[in-house]
Amino acid sequence: MPLRKQLETVEDSMRHFSRIARLVVLLLGLSAAHLLHAQGNYEIQVYGADTEAPKSTMLELHSNFTADGQKHLIGGVYPTNHQQHETLEITQGINSWSEVGFYVFTSLQDGHGWQWVGDHIRPRVRVPDSWHWPIGVSLSTEVGYQRADYSPDTWTWEIRPIVDKSVGRWYFAVNPALERTLHGPDVSQGIGFSPGAKVGFDFTKAISGGIEYYADYGSITHIAALHDQQQQIFLVTDLNVSPKWEINVGVGIGPTAATDHWIVKGILGRHFSWVKQSVTD
Amino acid sequence: MLTRRSLLKLGSMAAASAALPQPAHSLAAADYALDLAPYTLDLAPKHSIKTIAYNQQVPGPLLRLREGKQVTIDVTNHTENEEVVHWHGLFLPPEVDGAMEEGTPMISPGGTARYTYTPSPAGFRWYHTHTFAGTDLKKAQYTGMHGFLLIDPIDPRENSSYYDEEFFLALHDWDGEMTGSADGSMNPEYKFSTINGRILGFGDPLRVKQGQRVLMHILNSSPTEQHWIALAGHQFRVIALDGNPVPNPQLVSMLRLAPAERVCAIVEMNHPGIWILGEVRKHIQAAGLGIVVEYAGRTGKPVWQQPENLLWDYSQFAATDPASSPARNIIDIPLVFESKFAGHGAPDHWTINGKSWPETSAAPLVHGQRYRLQFKNPSSDDHPVHLHRHSFELRCLPKNPNTHGILKDVVLVEAKTELHVEFTADNPGATLFHCHQQNHMDEGFMMLFHYV
């Protein structure tokens, strides 16, 4: 083949590669945008199986800062980079085996101010103590709305089995959650799989440390490629300073392209009892 | 059932009343026989518990023995585990006291042991298993292996008290589960609580008549729980603690019994009606801890009057005369009770002076020497501590540093308090000291005194 022809072929190949590369980047970006909605980063928590006691309320503030996240506007969704998410969670105990939680999601970001993002409601039931199961088991379901500026899928539904167990100083919890988009681009995806897990260790009665894992594998029928999955691993500590307070702080890394790379999270919770407890109760 | 009004003696040979367990059956070779075997206890028509019991009943049979008269009791173990019977409150040799740690042989599954001893001192005692349960809340003191033991005095003029009727009542908790408590440690919580193995409303009532003086022998056989007891419409005149007459009997509205404690109290039946005798704390009475008290000729729904406070103070029963000056050569033995955190998914370990059983140790006792045990409890749990084979005298209580005259074998050392007792080392042999809360004992709260 003449040299000129060879050079034209190389140029064509380069143009072709460039087009493919641009297409791949676009697809990856769209894919990441679709997956990021599920990541949420508004409430980053592996649930324990216990429920709030009846006639008491838990107020929690989830504060999450994305130190290194998505930097571009994709599909009309604001970039997550340097977003500060403040979520108020109010959980009311119904009886000894059920509760209802309510969330108010907000976001702070340069250029956008402090914005209301959406609300979710989360009823939950658990296996009563009287069943004497060797593990803690509960089941929550969560449904709610988030603005399209922050999540392309505006209406979503989740069902989350919760299993946990304390063994000596060790604590184990898994949340193999299933998600379904009710309104948004991922409606066609069907049911997605978003597991969470935690392993903790009690260093002292007041200080525990552990690892929390969060993931979104995409559709349960078509598991996404690793590159497109969300994977987050947090190093956390729980401070058990008082039965009335819950404190959890952590730093998380997202190693895949579809995941925000660095997130700092904190949970501050306080139990309030609405019953005036008497010594004879 | 015996009903009479006469001068009788506390701990006399009065016959059993309606609430009494059945007497133990005699064997040819032994005075009494106890069979340990699996048993299904019907707490109520819809609630039953599979447990272990003595002679197929809960509580076990009432044993009424004579102080100073030798007795032989055969115990046969029909369970799958080694067992032993502790004769709680008696001054016995360690070989028959009923604690493996002191040297009493365990009874192997299928085996029989013969306990021969001379009971002393007189008073309301009890017998129970003395084994390890750990995390199995269906073993040891969590079972129905407990029974009343009444030692009648040699001299029937001792401990005299008027009464027309007597009842024996055992408070117990069932179907426990280890759960995380508010302070971050694990403790048992129970589904059911009973008096004499029955949930409130499902056992026979205590049948009384107006004008009677009723003597109640109340035992807390619970593995871990304290109980507060009141009788609606009535008061208790406490005449003995742990079977030992108190120097200053008092009228009280309620009783507190820590695990293994006993109270003997006279109740004047002067308020006819149908009443509830039960746990003062609502959630425990709701779990079943109560019994109906029924006056003859009265009908209707049982009435409960809810107290607003929990009231109890050992020192109100103390001698009122000035305390004698303490013995000059008394030896102090400080004992500090502390916990070691073992994780939110495990019970705390317990230590005495920084060590857990079997590493715990104390200086040897000298026969005849008087000792002051200084219980220091900086932990956040209460501890009903028990000294085997001896009685001790309460001397320094948190609210009364000059107490004297109250003899006991169990005392509740409340959290964050210090309490002193004195005893004379007058019964040579290995002597076990431990918290009578089963889970604390199992997690190291135990120590053995030796004599020189």
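**Exercise 1. Find which residue of strand 21 of chain B stands opposite Leu206(B), then describe how strand 13 and strand 21 of chain B run.**

Solution. This is a predicted model.
Step 1: start at Leu206(B). Its opposite number in strand 21 of chain B is Val293(B).
Step 2: widen the view to the strands. Strand 13 of chain B covers residues 206-208, and strand 21 of chain B covers residues 290-295. The two run parallel, joined by three bridges.

**Exercise 2. Work out in which sense strand 20 of chain B pairs with strand 21 of chain B, and name the bridge partner of Ile276(B).**

Solution. Step 1: locate strand 20 of chain B at residues 274-279.
Step 1: read the direction. Strand 20 and strand 21 of chain B are antiparallel, with five bridges between them.
Step 2: pick one pair. Ile276(B) has Val292(B) of strand 21 as its bridge partner.

**Exercise 3. State how far apart the C-alpha centres of domain 1 and domain 3 of chain B lie, and describe the contact.**

Solution. In the domain assignment, domain 1 of chain B is 17-152 and domain 3 of chain B is 331-449.
Step 1: their C-alpha centres are 24 Å apart.
Step 2: count the contact. Domain 1 of chain B gives 16 residues, and domain 3 of chain B gives 13 residues.
Step 3: sort the domain 1 side by class. Nine residues are nonpolar, four are polar and three are charged.

**Exercise 4. Describe the contact between chain A and chain B.**

Solution. Step 1: 17 residues of chain A touch 20 residues of chain B.
Step 1: on chain A, strand 6 (155-167) and strand 7 (170-183) each supply at least two residues.
Step 2: the chain A side has five nonpolar, seven polar and five charged residues.

Key: Residues are numbered from 1 along each chain as its sequence is written. Chains are lettered from A and ligands numbered from 1 in the order in which they are written. This is a predicted model: local features need pLDDT of at least 70, side-chain atom pairs count only at pLDDT 80 or more; totals for chains, interfaces and linings use all residues. Domain bounds come from an automatic or database domain assignment. Two residues are in contact if their C-beta atoms, placed from the backbone, lie within 7 Å. Ala, Val, Leu, Ile, Met, Phe, Trp, Tyr, Cys and Pro count as nonpolar, Asp, Glu, Lys and Arg as charged, and the others, Gly among them, as polar. Helices (H or I, at least four residues) and strands (E, at least two) are DSSP runs, numbered from the N terminus. Two strands pair if DSSP finds at least two bridges between them.
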